[in-house]
Amino acid sequence: MMRLIPNHTSQIKRAKEISFRFDGQTIKAHQGETILVALMGNGIKHLRDAPVDVKPRGAFCCIGLCQECVVKVDGQLVESCRKIATDGLVVQSLRQ
Amino acid sequence: MIKTCDVAIIGAGPAGANAGIMAASQGCRTIIIDEQAKAGGQIWRAKSAAIKSAPNTPETIDGDRLRASIDASNVTHIANARVWQIERELEKWVLRLIINGRSEKIVSKVLILATGAREYVQPTPGWTLPGVIGLAGATALIKQDLVIPGKKIVVSGTGPLIFYVASEIRRLGGEVSAIVTPNSPVDWMYAIPSMFSRPELLWRGFVWVADLLLSGTPIFWRNVIKQIDGETKVQSVTVSKVNNDWSPLDQKRLIEADSVCIGYGLQAATETSQLSGIDLKHQPELGGWVPEVWENGETAIDGLFVCGDGTGIRGAAAAEIHGKLVGLSAAEIITSNVNFPRSALLTSFRRASRFGMAMTALSIPRKGLQKLTTDKTIMCRCESLRRCDIEHQMEAGAATINAIKSGSRAGMGPCGGKYCQTAIAKLIAEKEHRTEAEIIPPTPRPPLRPVPASELSGEFEYTDLPIPKPAPL
Ligand code: FES
């Protein structure tokens, strides 16, 4: 099929792979990407449960404003859309 | 640590960066503070370290050019910094920021606010499901890490951003299941004359749409997403036609999807302006509430300027030029030797504004869109408050956003109300038969950005942190 917008995927070179733990699961990531991007690449979008109705939530603004993507790293709440994933990191969701 | 300077600028997007470069070129000691790791703002967001190499796009080229000019200037660029408080002390501006958990204080003679825009999303049933992100959020993922949010993506909303995002998804190998926009082709035809001022952008837009048509991507004009369906993730979206004021009609269509990018236009981010004491005025043609600012960036407050989309949505091209103009205005306070011809800048600013405002006109939500927010739709994401919960507060006598805030905690959550206040204002206006211009936005309270206590260390005292009090009734 004719396309005017080229598909660039084969021309994108990503940094080397690292891995971290998310709720006990091993997640592969490229060094330098955010926790959110790595999780998304592994098809994980449900990051926490909402107050009151306990319904699933995930990243919304992707730029550090809405706080929907918050996860726990070393006991601290961090925005997964801003926190860079590092090798061996242990990340916990706020799912109930 | 305390740093002093002549001109401090919040925001390193096209406006802030150019204001800084200009002020520094006139001999001012200039500091630019920005949240991101690299300058560029949302429009020219830089690639992350995870990308070793990738083909250039117009955005990466413009962004790299901007970053190179900052490097070549005398500007001090403080990256990864969040300003959480702005105060006036002894005729100076005092900014408190947090950089990687360390606190810093900047004292400056002149302050320029260049905090850009935020996106409006009309609360819609299912918009809180994982897999639904803002259009602006999608552009951040695309620009920073060259990733897309799913495999079958519905892109929905107003103005040109939907076509940009859809086309970037295709460039990154993704599949756009459908484009859903309440705009009509006729709306676009009306915008074309103003777009001739930027023929290259007009052309780019044509290529986006032509490529989508060639690929067989369905474009549902005059349609909206009425509901996003799924239990723990997005499974499909329900779209429906709209009438002239964008009220959704009854007949529906189901589109399968695993993610949704949605946004209904941009608004000036006014929190820093409000916190610094600038009054707001309602100018729908600029996206809604904007600070009272003259064309040269001056405000009613001494030593305080605002530039770029933070003064109203005119787009990146206008923001760049506005930054330069306002950088000159700021320099004039510091030195008497300012030497730069303004008139050519003013002419090109007005020209670029015409283009940007035509795009804003396409993007501004019309009244009927509010009907997407049903009784049980969550409006305040932070506190899971539905429209009926907020209406309950209104019936109990709360007629302002501040009153609703203290009654129900809407807007008191960690996002600071950024994602609900406009929708709530529209709801109040509708219920009380008033105009949006009569519903004054709530007073922002520091911290301007979330400041987790656990991130703080160094000379910072936790007691320095003002804890937001309930707003007065
Ligand atoms: S997705 Fe909004 S703060 Fe991370």
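A residue is called buried when its relative accessible area is under 20%, exposed when that area is over 50%, and partly exposed in between. Since the structure shown here is a predicted model, every value below is computed from that model. By this cut-off Trp188(B), with a relative accessible area of 14%, is buried, and so is Phe163(B), at 3%, whereas Trp221(B), at 25% relative accessibility, counts as partly exposed.

**Aromatic pairs**

| Pair | Centre to centre | Angle between planes | Kind |
|---|---|---|---|
| Phe163(B) and Trp188(B) | 6.0 Å | 75 degrees | edge-to-face |
| Phe163(B) and Trp221(B) | 5.8 Å | 40 degrees | tilted |

Phe163(B) belongs to helix α4 of chain B and Trp188(B) to helix α5 (residues 185–195) of chain B, so their pair ties together parts that are 25 residues apart in sequence. Trp221(B), on the other hand, lies in strand β12 of chain B, so its pair with Phe163(B) ties together parts that are 58 residues apart in sequence. Over all chains the count comes to five aromatic pairs, and elsewhere Phe60(A), Trp127(B) and Tyr419(B) form one aromatic cluster.

**The sheet and the helix across it**

Strand β12 of chain B is part of an open sheet of five strands, whose order is β9-β16-β10-β11-β12 (chain B) and whose pairing is parallel. At its edges stand β9 (132–134) and β12 (219–221) of chain B, each of which pairs on one side only, and from one strand to the next the twist averages 15 degrees. In general, the strands of a sheet pair through backbone hydrogen bonds, either parallel or antiparallel. Here strand β11 (residues 175–181) of chain B pairs with β12(B) in the parallel sense over three bridges, and Ile179(B) stands opposite Ile219(B) in β12(B). Helix α4 (residues 161–171) of chain B lies across β10 (152–157), β11, β12 and β16 (259–263) of chain B, and runs at about 175 degrees to β11(B).

**Nonpolar cores**

The largest nonpolar core has 58 residues, and those with the most contacts inside it are Phe20(A), Phe22(A), Val155(B) and Val165(B). Domain 1 (2–118 + 267–360) and domain 2 (121–264) of chain B both give residues to this core, so it lies between them. Apart from this core lies another, of 51 residues, among them Phe60(A), Ala140(B), Val260(B) and Ala403(B). When residues up to four places away in sequence are not counted, the residues that Phe20(A) touches include Ile27(A), Ile35(A), Leu39(A), Leu89(A) and Val91(A).

**An enclosed helix and a loop**

Why is helix α12 (residues 421–431) of chain B largely enclosed by the rest of the structure? Nine of its eleven residues are buried, so the rest of the structure largely encloses this helix; among the buried ones are Gln421(B), Lys426(B) and Leu427(B). α12(B) is followed by His433(B), whose phi is positive, near 50 degrees.

Val338(B) lies in the loop between α8 (316–334) and α9 (343–363) of chain B, and is partly exposed, with a relative accessible area of 21%. The C-alpha atoms of Val338(B) and Gly27(B) are separated by 8.7 Å, although these residues are 311 residues apart along the chain. Val338(B) touches Gln26(B), Leu328(B), Ala331(B) and Glu332(B), residues up to four places away in sequence not being counted.

Technical notes
Residues are numbered from 1 along each chain as its sequence is written. Chains are lettered from A and ligands numbered from 1 in the order in which they are written. This is a predicted model: local features need pLDDT of at least 70, side-chain atom pairs count only at pLDDT 80 or more; totals for chains, interfaces and linings use all residues. Side-chain values use heavy atoms; hydrogens and water are left out. A nonpolar core is a set of buried Ala, Val, Leu, Ile, Met, Phe, Trp, Tyr and Cys residues joined through side-chain atoms within 4.5 Å. Buried means under 20% relative accessible area, exposed over 50%, partly exposed in between (1.4 Å probe, protein chains only). Domain bounds come from an automatic or database domain assignment. Contact means heavy atoms within 4.5 Å. Two strands pair if DSSP finds at least two bridges between them. Helices (H or I, at least four residues) and strands (E, at least two) are DSSP runs, numbered from the N terminus. Axes are lines fitted to C-alpha atoms, for helices over the stretch in contact, and angles run from 0 to 180 degrees between N-to-C directions. Rings of Phe, Tyr and Trp (its six-membered ring) pair if their centres lie within 6.5 Å; planes under 30 degrees apart count as stacked, over 60 as edge-to-face and the rest as tilted.
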